[in-house]
Amino acid sequence: MSALPSKLDEASGATREQVVAVLELLETRMLWSTARPIIAATGIHVSRGWRETLAHAREDSYSDAIWTSAYKSLSTAARWHTYVGNKHVSFFDLREQNEDARAQVLAWALERAVSDLRPVVRRRPFDILDAPTRKADLEQFKNSPPKLLAAEAQGDKLYLQFFSTRAYSMREPLDITKMSTAQAKLFEEYEEVIGVKTRLVPCFDTVVVDATNDLVELRVDFQPGMMEDKNTPAFVRVMNEFNRATTKFIGQGALGVGLMNLHPAINPMYLDAACGRVTALGFVATSKNSSSNNHGQIHRTKTQDFRKDSFHVGGKQHVDKVDPYTIGITWPAKPPKGDLYLELKGSVRAIYSGKLRAVTTAEFLGCLDGADYDFMADQVLRRLPRRKK
Amino acid sequence: MAGTIQDDWAHEPRVRDACLHVWQALSARESHLDHYSFDDLLQLSEQADRALVSQALLYLSNPRLKVLRTCLMYEFNGGYFELPAEEVAHYARGEGVIHPEYGEPVDESAILVCFTPGVGLLRKATP
């Protein structure tokens, strides 16, 4: 199991301000359904949604012991979440590099990276938990390259934690009836007016060099259901930053070849009835006379499984072949943990095209700690063909 | 059930008929769909007045009859999922709904409504 890359100072007490600051950080990144039981377990009053809960935390009185224990558990959850929560994960297979290059990367990662990068970490603008959350404070990092906040080696893994500010946009319907007469007149021909709101978010992107498995993982933060600014792809920025560091210290970029195609894991996951519940599926169905492209998502409740869905099972009996190219799998969990969700989001092109249009990103949702993350990563990796060590 | 409906809506024959048509159509079925949309039930009611049918469906969903269960759905990450009972209760009182995943208020227009077979209906279907 992955170790927590950083530890807290357990001896010191914590204040309301510290707890509120961690809650504000969690509000920018953790789903409410995930955060709610964690906050409730601390003894802090949980209200309806983030706004009311934060407002209460800013006003309510608790003993020092409660503030301190709340800070301890919330900051642990927040720190974990920056490493494993809501991530687009890509894997680079170091076995695809030549032996010398692979050995150099691994030796640097395990033996020298932490000391080489110490001066950079020392100049970091803030620690992970002190990351800015307000728009005015985030603005200054909007166009700058990712900042290295932490570099730690644990066991046979190197963890590098980068920070950057990203912009996400949300579409919201605007109520014409609440506009002034002049404004309403402007939109009188429209039945619905949609506004696009941009939100700046503190993001943490993790690079993990795994010496046991000859892998480099890129775990890039994402906000579920929101559109990211496509002009500054986080994956490329973090990869460039990591390559810049390895070029400086070992004279070569560590990442370039070896980006793993995750598509070969999709069909085995679909066929393995013991592999969670299939709650999203994209597939091509082919019969003698026709072929169709289908995409479905389990409706209303996540407790169903496409493998047992009557429409899917019935349809499958009438075609000769089903080729899945996208799969979403849910593993139910008991509170205080929430469901884990993994999605390999391919396009129909992945079936017909070569490596260049492969599935290179897995969506991990709901991980709260290293055990959750390792479970999900294993579900993908053990179904992928790789060269022997 | 039919007698209760007739008694309750004796003074409103159109609502009574809508309720009876929906009840008779649904209770005659051997098996049920996972859920029914408003338009499905509008057809079964044999009425064109959407407000009147809405009133009839609310009545059939009340805790005394439980023929239907109102199901409100929210959108998340490309899918539609059922709102938890706590948020449905707020909605029923005319209060704002909090998105279960984002923890932010949800605009009413973003909430989808459907009806699932209630205990009263399922009990009827059991031989």
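**Figure 1. Chain A contains twelve helices and eleven strands.** Helices (H or I, at least four residues) and strands (E, at least two) are DSSP runs, numbered from the N terminus. The model is predicted: local features need pLDDT of at least 70, side-chain atom pairs count only at pLDDT 80 or more, and totals for chains, interfaces and linings use all residues. Residues are numbered from 1 along each chain as its sequence is written, while chains are lettered from A and ligands numbered from 1 in the order in which they are written. The C-alpha trace of chain A spans about 70 × 70 × 45 Å along its principal axes. A compact globule of 389 residues would have a radius of gyration near 21 Å, and the 23 Å of chain A agrees with this. That radius is taken over C-alpha atoms, and the globule rule is 2.2 Å times the number of residues to the power 0.38.

**Figure 2. Chain A meets chain B through 15 residues of chain A and 20 residues of chain B.** Two residues are in contact if their C-beta atoms, placed from the backbone, lie within 7 Å. On the side of chain A that touches chain B, helix H2 (32–42), helix H3 (49–59) and strand E3 (157–174) of chain A each supply at least two residues. By class, this side of chain A has five nonpolar residues (Ala, Val, Leu, Ile, Met, Phe, Trp, Tyr, Cys and Pro), four charged residues (Asp, Glu, Lys and Arg) and six polar residues (the others, Gly among them).

**Figure 3. Helix H3 of chain A has the buried residues A:Gly49, A:Trp50, A:Thr53 and A:Ala57.** A residue is buried if 20 or more other C-beta atoms lie within 10 Å of its own, exposed if 12 or fewer, and partly exposed in between, with C-beta atoms placed from the backbone. Seen down the axis of H3(A), the buried residues fall within an arc of 125° (taken from the directions from the helix axis to the C-beta atoms), so they line one face of the helix. They pack against helix H1 (16–27) and H2 of chain A, together with strand E4 (97–98) and strand E5 (105–106) of chain B. The exposed residues A:Ala55 and A:Glu59 lie on the face of H3(A) turned away from its buried side.

**Figure 4. Four strands of chain B form an open antiparallel sheet in the order E1-E6-E2-E3.** Strands pair if DSSP finds at least two bridges between them. Strand E1 (36–37) and strand E3 (79–82) of chain B are the edge strands, each pairing on one side only. Two bridges join E1(B) to strand E6 (residues 112–117) of chain B, and B:Tyr36 has B:Phe115 in E6(B) as its bridge partner.
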